[in-house]
Amino acid sequence: FFLNKIPTGWKKNFIFLGILGGLQGFLGWWMVSSGLKGTMVDVASYRLAIHLTVAFIILSVIVWYILVLSNSEVIKNSNFMKRDFKLIFLINMVLFAIFFQIIFGALVAGIDAGKTFNDWPLMSGKWFPEDITYSSPKIISFIEDAGLVQFNHRVLGYFIFFLSIVVWFFSVKSNNKKIIIRANYFLIVIVGQVVLGIITIIYSAPLYFASAHQVLAILLVTLTLRLYFTIIYPSKN
């Protein structure tokens with residue numbers, strides 16, 4: 001920035017990225033401080049969720065900047081008449097759902113909800129956990145009750161999985177080879193993430209499985225953005 005090597009017109013973008021980085025630093029302190037009160041040894045789950053979500057937002061902004069800066073000719077020569085708005089709508093739904101899932105995943109990690117209800121597809125033999133203790137106000141249960149938090153994470157996972165199949169189905173019908181290739185990679189990672197999530201639950205969320213689940217989430221966000229970029233900037237060929 002100070003060497004004036006920022007691409008023309010991009011200073012505001014990089015300032016925005018710097019602001020996000022500063023915000024993340026503050027949120028990190030805010031999160032850690034919740035675990036330094038009294039006898040607490042764990043951070044507040046909702047603060048962990050906010051901190052992780054902003055981390056993924058920063059990741060997404062960086063990935064998007066890289067895609068735009070490294071594909072300026074692709075953007076310039078895109079055939080906007082070939083845009084598939086139905087597919088754009090669907091991929092937007094997937095992206096929003098993934099970010100909500102990141103929030104639920106952080107809540108699961110924050111209260112060790114992955115160490116309970118370790119059967120699948122049922123939860124202690126039931127489709128819906130029966131021992132939910134509703135807090136007052138009830139909204140607190142959505143971030144503090146292990147059964148409800150894990151149930152929400154599972155259901156949203158199923159939704160993302162089936163929606164991703166729909167996105168893949170419409171993508172492979174495209175005449176754009178790049179969309180087809182990136183949709184295939186996207187679906188492979190989605191399937192891998194679902195399988196890894198199930199394994200993580202069945203084995204009571206050991207650190208190595210839980211960490212791999214999070215790393216794969218990073219790859220999933222990156223590949224989803226790559227597919228999104230290819231869909232909104234279709235080539236003329």
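Student: In which helix of this predicted model does serine 45 lie, and is serine 45 buried or exposed?
Tutor: The model is predicted, and serine 45 lies in helix H2. Buried means under 20% relative accessible area. Serine 45 is therefore buried, because its relative accessible area is 8%.

Student: Which backbone oxygen does the side chain of serine 45 reach, and at what distance?
Tutor: Not counting residues up to four places away in sequence, serine 45 touches Leu107, Gly110, Ile111 and Ile143. The side chain of serine 45 reaches the backbone oxygen of isoleucine 143, at 3.3 Å.

Student: How many aromatic pairs are found in the whole structure, and what is the geometry of tryptophan 10 with phenylalanine 14?
Tutor: The search of the whole structure gives 13 aromatic pairs. Tryptophan 10 and phenylalanine 14 have ring centres 6.1 Å apart and planes at 55°. Planes under 30 degrees apart count as stacked and over 60 as edge-to-face, so this pair is tilted.

Student: Which parts of the chain does the pair of tryptophan 10 and tyrosine 65 link?
Tutor: Tryptophan 10 and tyrosine 65 form an edge-to-face pair, 5.0 Å centre to centre with 90° between the planes. The two residues are 55 residues apart, and both are buried. The pair links the segment before helix H1 (11-33), which holds tryptophan 10, to helix H2 (residues 45-70), which holds tyrosine 65.

Student: Over the face of which residue does arginine 83 lie, and at what distance from the ring centre?
Tutor: Trp64, Tyr228, Phe229 and Tyr233 form one aromatic cluster. Arginine 83 lies over the face of one of these residues, tyrosine 233, at 5.8 Å.

Definitions and conventions:
Residues numbered from 1 in each chain as written. Predicted model: local features only at pLDDT ≥ 70, side-chain atom pairs only at ≥ 80, totals over all residues. Heavy atoms only, no water. Phe/Tyr/Trp six-rings, centres within 6.5 Å; stacked < 30°, edge-to-face > 60°. Helix = DSSP H or I, 4+ residues; strand = E, 2+ residues; numbered from the N terminus. Buried < 20%, exposed > 50% of the residue type's maximum accessible area, 1.4 Å probe, protein only. Lys NZ or Arg CZ within 6 Å of the ring centre and 35° of its normal. Polar contact = N/O pair within 3.5 Å; in protein donor to acceptor, adjacent residues only side chain to side chain. Contact = heavy atoms within 4.5 Å.
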